[in-house]
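Let us walk through a protein model together, one part at a time. Keep the structure open beside you and look up each residue as we come to it.

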Amino acid sequence: MSRSIVRQSKFRHVFGQAVKTEQGYDDIRVSKVTWDSSFCAVNPKFLAVIVESSGGGAFLVLPLSKMGRLDKNHPLVTGHAGPVLDIDWCPHNDNILASCSEDTTAMVWQIPDQMGTQPISEPIVVLEGHSKRVGIVTWHPTARNILLTAGSDNLIIIWNVGTGEALISMDDHPDLIYNVSWNRNGSLFCTTCKDRRLRVCDPRKREVVAERMAPHDGIRPMRAIFTRDGNLFTTGFTRMSQRELGLWDPTHFEEPIALLELDTSNGVLLPYYDPDTNMVYLCGKGDSSIRYFEITEEPPYVHYLSTFSSKEPQRGMGFMPKRGVDVSKCEIARLYKLHDKKCEPIAMTVPRKSDLFQDDLYPDTTGPDPALEPEEWLEGRDEDPILQSMRDGYVPPKSRELKVARKNVLDSRPIPRRSMSSCDGSANLPPQLVDRLLEEVKNLKVTVLSQEKRICDLENKLSKYTNGTA
């Protein structure tokens, strides 16, 4: 008598559970703009949702603790002149958020810990470089202040938001770009496009290093994300309009590692990936369910785990970074489901009897500290994310201001040579005085850096005391 062998996995019994009604966020008028983005972004401090507004574009930012019915006087972020299409929280500063809009601009915002009563209408930097609407905005995973935008002008621009300047521009796409996803260390990104090609791009070489024509046979929009192993997970449609998922090795694009048909539906499947568990959550716009899968090295490589179902369809979805989940409840992921007029958190939990910290569920995860400065990344350095332990949970630090130092365009121009007759003698300083001035500047820089580090440490200590964790 033969017995079927059940695959061993600690995530086989993961279940989803919506929070109680009073722990949700009500009376939110979610945007009705026709654009396939998630409309929602979340981090351990805030929930941001793109909302309906008159006279331009706006989005709502709520502290996670402000649950229940939305106060009608709660301020919006209202700087865009056209509808907002995408938003993304900075992975290295929980108070910094980027947005993009039909008004052809992207903006970066500093969100205060204590929201006032007045709308926030002044961004800390406006990024202008696209000629048509900007539909995608995504931060670099490991380098400080590096932001990517993609627009309907088929252009991808990478910015240093600390200076407000465009570093890299790529025009390799002949048609509308559907989505962009960085790999784990930010050395490459992948794109899907209306021309039905899946591309892997090296931004610093400004070239496409690999591409695959029609990973899915259908003509409807695709999505692609990098996994932690460097493979590509894609969602799309078959020629018969069945939804499909695929796993690809970008170094051998001829055949997929796995290809799996799901169901027949019109909604684009938005994938949300957790590199710590190697699980991917599929949320279709207009669906009322969330499917989740585990990616492994054994056939069939993409293993279906389960489905969370509810009655109402979803308008969008937010995905909490791992440092924001509740380790005391064995929560391994939390999604924020957008309805027409509310946002509903959904916790994904591994059932465990013990109340102790579960080491096997929580390997060290990506922390909030950047591994690289913008100049280092631009010069060709790559670093994996700096990891932190989840054993004691995560306490968001106090707000840190993003300082924007705009470069003077005149600084890059050659200095005109002055004639000898115009010299006033100030340029001919004695060498000893020049050395002394340079040494003094160097010492001042060291002092400033040490003081900034001290300030950051004190703010983190103060944040722990005010949150009652110390």
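Which residues do ring pairs link into a cluster? They are Tyr272, Tyr281, Tyr292 and Phe319. As you look for them, keep in mind that this is a predicted model.

Let us stay with the aromatic rings for a moment. The count of aromatic pairs comes to ten. One of them joins Trp182 and Phe189, and this pair is edge-to-face, with 5.5 Å from centre to centre and 75° between the planes. Both partners, Trp182 and Phe189, are buried.

Now turn to Phe357 and Tyr362. Why is this pair called stacked? The ring planes of Phe357 and Tyr362 meet at 25°, and planes under 30 degrees apart count as stacked. The centres of these two rings are 5.6 Å apart. Phe357 has a relative accessible area of 18%, while the value for Tyr362 is 4%. Buried means under 20%, so Phe357 is buried, and so is Tyr362.

Arg220 lies over the face of Phe237, 5.1 Å from the ring centre. Likewise, Lys285 lies over the face of Phe39, and here the distance to the ring centre is 3.8 Å.

Four strands make up an open sheet in the order 8-9-10-11, and their pairing is antiparallel. Its edge strands are strand 8, at residues 84-89, and strand 11, each of which pairs on one side only. From one strand to the next, the twist averages 20°.

You can trace the pairing strand by strand. Strand 9, residues 96-101, runs antiparallel to strand 10, and five bridges join the two. If you start at Ile96, its bridge partner in strand 10 is Gln110. Strand 10, residues 105-110, also pairs with strand 11 in the antiparallel sense, this time over four bridges. Here Val108 has Val125 of strand 11 as its bridge partner.

Let us finish with strand 11 itself, residues 125-128. Which of its residues lie on the covered face, and which on the uncovered one? Val125 and Leu127 are on the covered face, whereas Val126 and Glu128 are on the uncovered face.

How values were computed
Residues numbered from 1 in each chain as written. Predicted model: local features only at pLDDT ≥ 70, side-chain atom pairs only at ≥ 80, totals over all residues. Heavy atoms only, no water. Buried < 20%, exposed > 50% of the residue type's maximum accessible area, 1.4 Å probe, protein only. Pairing = 2+ DSSP bridges. Axes fitted to C-alpha atoms, helices over the stretch in contact; angles between N-to-C directions. Phe/Tyr/Trp six-rings, centres within 6.5 Å; stacked < 30°, edge-to-face > 60°. Lys NZ or Arg CZ within 6 Å of the ring centre and 35° of its normal.
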